[in-house]
Amino acid sequence: MTAVALTAAQQAAVQRRTVLVLSSGQVLGGIAFGATVSLGALLAADISGSDALSGLATASVTLGAALCAIPLARLAARVGRRRALTLGNLFALVGIAVVILAASLRVFPLLLVGILMIGAGNAGNLQSRFAATDLAAPQHRGRDLSIVVWATTIGGVAGPLLLGPGEIVGAAIGMPPQTGSYVFSFVAQCAALILYLVALRPDPLLAAQQLASAAAAGATGKVFADRPVVARYAMFAVAGSHVVMASVMAMTPVHLAHMAHGAHGMAPTPADVSALVGITIALHVGGMYALSPLFGILADRWGRLRVVLLGQVLLGAALAFAVFANDREWGVIVALILLGLGWSAATVAGAALLTESSAPEIRTRRQGRSDSLMSLSAAAGAVLAGVVLSNFDYAGLGVAASVIVVVIVALSPLGRPKR
């Protein structure tokens with residue numbers, strides 16, 4: 001059954017299968033990302049001996065995603081999503097091995113290289129949400145995209161929660177401290193790679209390209225109006241929201257570690273700190289993904305721009321807690337949950353807005369640029385976040401991040417389609 005010969009019913013069936021495969025891959029791929037988010041800053045601070053350098057861990061994972069977003073998008077446009085996603089899995093597998101080696105040798109630059117490779121693998125995970133829109137009906141585009149985003153909840157929450165069991169496994173097999181959970185990540189990435197190779201057929205992007213070509217040849221489809229200004233605003237809103245989320249989240253493990261030391265008469269054990277960080281980041285990642293289907297449905301019904309602005313309201317509330325309740329564990333946890341929810345709303349709606357405002361022939365290229373801009377901006381934000389935390393504490397970081405939220409709201413008229 002070729003893509004051109006697909007009936008409407010067959011296309012819907014292929015789309016359901018595609019969303020299921022992509023969602024399963026996101027569950028597996030999210031485990032490595034969740035572990036890296038939780039452990040990266042702690043490993044960087046421990047090996048480098050400087051809290052100010054801890055932000056380089058998140059900077060590296062986002063830089064890796066930025067460097068590979070455009071090449072993977074171009075590869076997908078030429079040979080399909082399946083090969084691009086499996087290449088991302090291979091990057092992540094190499095990165096996990098390098099991180100473990102770096103922790104064993106205690107070589108800080110090598111650690112950053114490994115985290116950068118894991119970030120390159122995460123570029124494939126990010127591309128999955130766009131793959132869910134390739135064959136989606138326009139009225140369900142936000143919903144299908146958000147389902148794939150939601151699936152990351154399981155892996156993203158499991159990654160941080162596996163820190164404790166991972167330390168037990170790692171100690172049993174002689175791995176360096178705070179790297180044991182990467183054993184689970186490695187196995188999950190192998191499973192995701194096999195899943196994409198075997199089950200992502202027909203390739204959704206190649207099928208969509210063939211359908212578009214057939215429609216153009218037969219003059220059966222209406223001309224699609226490209227809206228570059230709306231697309232650029234969508235890219236900015238997604239990137240800005242990601243910067244806010246990544247910069248605050250990256251510094252939270254270090255802030256919590258400082259709080260734990262100040263709250264006890266004796267220094268807490270690494271296991272105590274890992275447990276607190278793991279629970280907090282797990283709740284944050286849950287906020288990032290658990291309600292994404294709701295935001296996708298709202299984006300389909302209310303409109304993309306309104307849900308982007310809802311995300312800014314949630315991000316603003318998160319930053320308020322970070323500023324005014326940062327000396328309490330519950331305050332930090334609430335801030336991180338709201339931070340995840342705001343990111344989810346803005347990312348789901350912004351990605352749908354970008355997709356539908358881009359003509360099919362340039363859509364994949366813009367999606368790659370969006371992911372690259374998002375990751376590069378977050379990498380710079382994570383580096384600056386470490387400096388801000390060292391000089392102005394966690395509250396100062398919240399104030400600085402709020403400026404981005406204000407700018408996204410102020411420029412929102414650019415994201416309103418002209419009637």
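This is a predicted model: local features need pLDDT of at least 70, side-chain atom pairs count only at pLDDT 80 or more; totals for chains, interfaces and linings use all residues.

Me: Start with H3 and H7. What angle do they pack at?

Reply: About 165 degrees, with the axes 9 Å apart. H3 covers residues 81-105 and H7 covers residues 182-199. Angles over 145 degrees count as roughly antiparallel, and therefore H3 and H7 are roughly antiparallel to each other.

Me: Is the crossing of H3 and H7 left-handed or right-handed?

Reply: H3 passes H7 in a left-handed crossing. Residues in the contact include Leu-85, Leu-93 and Ile-96 of H3 and Phe-186, Leu-193 and Tyr-196 of H7. By class, that contact has 14 nonpolar, 4 polar and 1 charged residues.

Me: Now H11 and H13. How do they cross?

Reply: At roughly 40 degrees, and their axes come within 9 Å. H11 and H13 are therefore oblique to each other. Their crossing is right-handed.

Me: Which residues of H11 make the contact?

Reply: Ser-292, Phe-295, Gly-296 and Ala-299. From H13 come Leu-341, Ser-344, Ala-345, Val-348 and Ala-349. The contact divides into 6 nonpolar, 3 polar and no charged residues.

Me: Switching to H6. Which residues are buried there?

Reply: Leu-163, Gly-166 and Gly-170. They cover an arc of only 55 degrees around the axis, which puts them on the same side of H6.

Me: And which exposed residues are on the face turned away?

Reply: Ile-168, Ala-171 and Ala-172.

Me: What follows H6?

Reply: Gly-174, with a positive phi near 80 degrees.

Key. Residues are numbered from 1 along each chain as its sequence is written. Side-chain values use heavy atoms; hydrogens and water are left out. Axes are lines fitted to C-alpha atoms, for helices over the stretch in contact, and angles run from 0 to 180 degrees between N-to-C directions. Helices (H or I, at least four residues) and strands (E, at least two) are DSSP runs, numbered from the N terminus. Angles under 35 degrees count as roughly parallel, over 145 as roughly antiparallel, 65 to 115 as roughly perpendicular and the rest as oblique. A crossing is left-handed if the near helix is turned anticlockwise from the far one by less than a right angle, and right-handed if clockwise. Contact means heavy atoms within 4.5 Å. Ala, Val, Leu, Ile, Met, Phe, Trp, Tyr, Cys and Pro count as nonpolar, Asp, Glu, Lys and Arg as charged, and the others, Gly among them, as polar. Buried means under 20% relative accessible area, exposed over 50%, partly exposed in between (1.4 Å probe, protein chains only). The arc is that of the directions from the helix axis to the C-beta atoms.
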